[in-house]
Amino acid sequence: MTSPRHKHSRKKTLGVGALAAAAVAAGLVAVPQLASASEVRIHDIQGSTRLSPYAGQAVSSIPGIVTGVRTSGTKGFWIQDDTPDDDPATSEGIFVFTSSTPTVAVGDSVQVSGTVTEYYPGGKTAGGQSVTEISKPTVTVVSSGNAVPAAVVLTAKSVPDDYTPQGDPAADNSIEGVTLQPKKYALDFYESLEGMNVRVADTRVVGATDAYAELWVTTKPKQNPTKRGGTVYSSYEDQNSGRLQIQSLIPTATQAFPTANVGDVLTGTTEGPLDFNQFGGYTLAARTLGTLQDKGLTAETTRKQKSRELAIATYNVENLDPSDGDAKFARLAEGVVANLASPDIVALEEIQDNNGATDDGTVAADKTVQKFIDAIVAAGGPAYDWRSIDPANDTDGGEPGGNIRQVFLFNPERVSFTDRAGGDATTAVGVQKIGGKAALTVSPGRIAPADEAWTTSRKPLVGEFSFRGKPVVVVANHFDSKGGDYALTSRYQPVPRSSEVQRIKQATLVNAFVKEVQAVQKDADVVVLGDINDSEFSPAGKTLTAGHALKDLYFSLKPSERYSYVYQGNSQVLDHILISPSLGNPDYDVVHVNAEFADQASDHDPQVVRLRP
């Protein structure tokens, strides 16, 4: 689920003179031989680490050529020294924060006096890196119409393959005081160019244009590519160093920002200063924007299940409620009918209550679900029946007031639901033996809803179905989100993943429930699916499959096909379908209809498995 945000918002500018001093005292930064006030240049201010040796100090008459001007959000401009030093670790560019609309223009030769600050986009507690800036500036324009310094060209060869250095254990694994190695690590390479004029040319889009007028390209077209043009995030150690965010400094009235899908190409030259922000890290703020070449990406479709195949799908419909309007319902319904070929069972995530984010105690979602079913019928699909359990108000996380939950849709002409009374928000489902088969004590039910693992998170919805006379237990999940985790560009490396602690606990409970079913009936057919909010290689993913209770169907796909979501240019896994060993080797398909596109019905791609119980 995408969180709302405000681009370039700035609540305060943080001076870190004390922080830099502490780093020096701890031996993390060499004591610099500071130039005299009249000799200070931008590369002196930037230094060879992420923290300026001049942080908190006043500087005067810093010369540079204006390479970019930002007139909205965090207002200011970038300057670059046209007389560089010979140290590849020290940037020759810097951002000048003006707070009001700057009056300089690109090509102005200026002298800037002000205070050197380290600004942490999003706040220091967000874990991101800082931007070295000059704040409270006094600016003198010496001349205008000068050529900007030649751009550093970012290519597959110039950007290192390795992403990040290891942080200093003595500083909580922070990389701030570690001397930059720009030829070895991508994050160091980009940091050594902070504020400088950079360029990419003819680059492939790996993250579609979003609502904030930004997209992602790759400077390394051969780095973990998907067949549809993306780049796969395949491990915590392979972050795809070629990814780079593109934003524009050009007013939209002058040049509209391109609406790009994954696989499109930004042709020609895209050039401007290299910025850093909390929503993507290093970002090319384009003064010159290339031309988009549409490569014609289309939404995938999957085949129809055969008469003896049970088709089960999962689809996160992104905070669906009746106020979303008919268009969103129609697009999601078209996805179920045309792209997923009307599966027999569809596990939905992020179904909101009947009045969405209005927080008035409403928890029922019957109007939301019925509107979706009606839209599916209108699109030519089956008249699905449905089952779910209303959560207790404001206890399951998600958008405040929305009371998101999982819902089973099922086609009664193909499959039946076995109802067993007693399931509610607080009653735990159990397993019993009926006729020699594993059966649920309540259906639908929830797994251990009182356990602290589900605090402010969705409880798994469990249902017992019958297909051609054979029982199938289905568990629909929506694990705790990654909210609060630091970004891949964090100043702490390796990046701590605090949110996964709760997902591991959740996976442990689901795994234990599956084993409980299998203890009653060894060959029971169980399907666990939904938005696990974690990758196939994660600890949570490994916990789900522990003891060979389940197998994750992603491992039946080629590595280049393992993704259901695109975030910051990384095609990655969040949604899963896992099955019990009794179900063999079924036909499995992740159906790419949303995540790679600028125009989305949801931010997740659905997926489907066709089984023969």
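Of the 613 residues of the protein chain, 58% count as buried, where buried denotes under 20% relative accessible area, exposed over 50% and partly exposed in between (1.4 Å probe, protein chains only). The model is a predicted one, in which local features need pLDDT of at least 70, side-chain atom pairs count only at pLDDT 80 or more, and totals for chains, interfaces and linings use all residues. Residues are numbered from 1 along each chain as its sequence is written, and side-chain values use heavy atoms, with hydrogens and water left out.

The mean pLDDT (the predictor's confidence in each residue, from 0 to 100) is 94 for the protein chain, and 94% of the residues score at least 70. Over residues 1-32, pLDDT stays under 50. Where pLDDT is low, the predicted coordinates should not be read in detail.

The protein chain holds 7 helices and 29 strands; these are DSSP runs numbered from the N terminus, helices being H or I of at least four residues and strands E of at least two. Its radius of gyration is 27 Å, close to the 25 Å given by the globule rule for 613 residues, so the chain is as compact as a globular protein of that length. This radius is taken over C-alpha atoms, and the rule is 2.2 Å times the number of residues to the power 0.38. The C-alpha trace spans about 90 × 50 × 45 Å along its principal axes. Contacts (heavy atoms within 4.5 Å) between residues at least 6 apart in sequence join residues at least 24 apart in 72% of cases.

The pairing of β13 with β14 is parallel and extends over 6 bridges; Ala313 stands opposite Val346 in β14. In β13, 11 of the 11 residues are buried, so the strand is largely enclosed by the rest of the structure.

Most residues other than glycine have a negative phi, and most peptide bonds are trans. A cis peptide bond joins Ser443 and Pro444, with omega about 5 degrees, and Pro444 is found in the loop between β19 (437-440) and β20 (445-446). Another cis peptide bond, between Gln493 and Pro494, has omega of about 0 degrees; Pro494 lies in the loop between β22 (470-478) and α6 (500-520).

Phi is positive, near 65 degrees, at Asn173, a partly exposed residue with a relative accessible area of 28%. Ser342 likewise has a positive phi, of about 50 degrees, but is buried at 8% relative accessible area; it lies in the loop between α4 (326-339) and β14.

Methods
Two strands pair if DSSP finds at least two bridges between them.
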